[in-house]
Amino acid sequence: MNQVGCLLVVTLMLTGCHNSQSIESTQTLASVNGDEVSMQQLYAELPNTSVAALDIQAKKQILSRLIERQLLMQEAIKLNLDRTPEVIQAIESSKAQIYAQAYISQKTAKLNNVSGEEIADFIKQHPERFEHRKLFKTVDVTFTNAPELLDIKRMEHEITSLEALEAELGSKSVIYEISRSQFLTDRLPVNILSRIGQLQKGDLLFVHNDNGVIVKVIQNVNEMPMPPKMAGAIATKLISQQRKQDFIKAEVERLKGLSTIDIYEDKLASQTH
């Protein structure tokens with residue numbers, strides 16, 4: 001979709017947000033060729049931030065963006081872009097996403113609060129994230145993944161030190177950069193936490209894709225237990241997220257069971273040719 005079309009969709013969708021209005025939210029902040037820009041629209045720009053917490057300059061910048069967007073929308077409507085198939089389809093797609101999210105938000109808001117016992121059990125079951133959280137300090141060697149020069153799988157098994165890695169790269173005239181970094185184990189994805197949590201000083205960790213390679217040479221590993229208050233807050237958040245995911249999965253399956261869904265695979269296949 002062209003840029004004007006995207007702006008039109010965004011603007012139209014924003015005007016449909018925040019159904020429960022207070023007197024403050026309906027205050028007019030500006031008028032653009034007779035069209036009002038309200039406090040409600042300012043709120044919509046920052047759904048997770050209190051507008052009252054912003055300084056006047058930040059509010060003015062947001063209002064300026066809203067005015068610019070309103071001007072572009074007005075010009076788009078003059079050109080009847082709101083009636084083009086691509087804009088209509090984009091609006092319908094956005095509406096479907098908004099309705100689905102609204103339904104999920106309403107349903108998950110009724111889920112039970114996480115209990116203290118659940119929090120304690122979760123923390124106990126995940127010591128690598130909490131009681132035995134670790135801080136890794138590393139030397140990072142970064143270079144381009146060049147299969148014609150380097151056998152990364154072989155290197156992962158045979159290279160065991162920074163010196164050996166530099167020698168291997170130097171022998172192939174591969175240009176590389178060295179930097180330093182650190183990371184905490186509680187911030188790692190679950191699928192790699194068990195592997196990384198076992199690394200010791202001197203070990204090498206290869207992280208790569210088709211384009212680049214980063215080899216992290218472990219320089220130091222220190223246990224850094226998470227403070228109890230922080231651990232409780234994070235455990236609560238993770239438990240709540242998992243509950244919501246489980247609920248959504250179960251709810252989708254329930255709705256599928258109550259619905260008639262016909263999939264026309266022949267038409268779907270015909271679009272791939």
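What follows is a conversation about how the terms used for this predicted model are reached.

Reader: Before we start, what kind of model is this, and how are residues numbered?

Author: This is a predicted model, in which local features need pLDDT of at least 70, side-chain atom pairs count only at pLDDT 80 or more, and totals for chains, interfaces and linings use all residues. Residues are numbered from 1 along each chain as its sequence is written, and side-chain values use heavy atoms, with hydrogens and water left out.

Reader: Thanks! How many helices and strands are there in the protein chain?

Author: The protein chain has ten helices and six strands. Helices (H or I, at least four residues) and strands (E, at least two) are DSSP runs, numbered from the N terminus.

Reader: Why is methionine 226 called buried?

Author: Buried means under 20% relative accessible area, exposed means over 50%, and partly exposed is in between (1.4 Å probe, protein chains only). Methionine 226 has a relative accessible area of 8%, so it is buried. Across the protein chain, buried residues make up 30% of the 273 residues.

Reader: Where is methionine 226, and what does it touch?

Author: You will find methionine 226 in the loop between β6 (212-223) and α9. Leaving aside residues up to four places away in sequence, methionine 226 touches Arg129, Phe130, Arg133, Asp186, Ala231 and Ile234. A contact here means heavy atoms within 4.5 Å. As for phenylalanine 130, its C-alpha atom is separated by 5.1 Å from that of methionine 226, although the two residues are 96 apart along the chain.

Reader: What share of contacts in the protein chain join residues at least 24 apart?

Author: That share is 69%, counted among contacts between residues at least 6 apart in sequence.

Reader: Two of the residues that touch methionine 226 are Arg133 and Asp186. What makes arginine 133 and aspartate 186 a salt bridge?

Author: A salt bridge is a side-chain nitrogen of Lys or Arg within 4 Å of a carboxyl oxygen of Asp or Glu. The closest N and O atoms of arginine 133 and aspartate 186 are 3.5 Å apart, and the pair forms a salt bridge. This pair links distant parts of the chain, 53 residues apart: arginine 133 is in the loop between α5 and β3 (134-144), and aspartate 186 is in the loop between β4 and α8 (190-196). Arginine 133 has a relative accessible area of 7%, so it is buried. Aspartate 186 is at 14%, so it counts as buried.

Reader: How many salt bridges does the structure hold?

Author: The structure holds eleven salt bridges. One of them joins glutamate 75 and lysine 78, with the closest N and O atoms 3.0 Å apart. Because they are three residues apart in helix α3, glutamate 75 and lysine 78 are separated by about one helical turn. Glutamate 75 counts as partly exposed at 41% relative accessibility, while lysine 78 is at 61% and counts as exposed.

Reader: Which residues are linked in a network of salt bridges?

Author: The network links Arg154, Glu158, Glu168 and Lys172. Within it, lysine 172 forms a salt bridge with glutamate 168, the closest N and O atoms being 3.5 Å apart. Lysine 172 has a relative accessible area of 31%, so it is partly exposed; glutamate 168 has 14%, so it is buried.

Reader: Why are α5 and α9 called roughly perpendicular?

Author: Two packed helices are described by the angle between their axes and the distance between the axes. Helix α5 (residues 116-125) and α9 pack at about 100°, with axes 9 Å apart. Angles under 35 degrees count as roughly parallel, over 145 as roughly antiparallel, 65 to 115 as roughly perpendicular and the rest as oblique. Therefore α5 and α9 are roughly perpendicular to each other. Their contact is made by residues including Phe122 of α5 and Leu238 of α9.

Reader: Finally, why does serine 173 count as exposed?

Author: Serine 173 is at 64% relative accessibility, so it counts as exposed. Serine 173 lies in the loop between α7 (162-171) and β4 (176-184). Its phi is near 55°, a positive value in a residue other than glycine.

Technical notes. Axes are lines fitted to C-alpha atoms, for helices over the stretch in contact, and angles run from 0 to 180 degrees between N-to-C directions.
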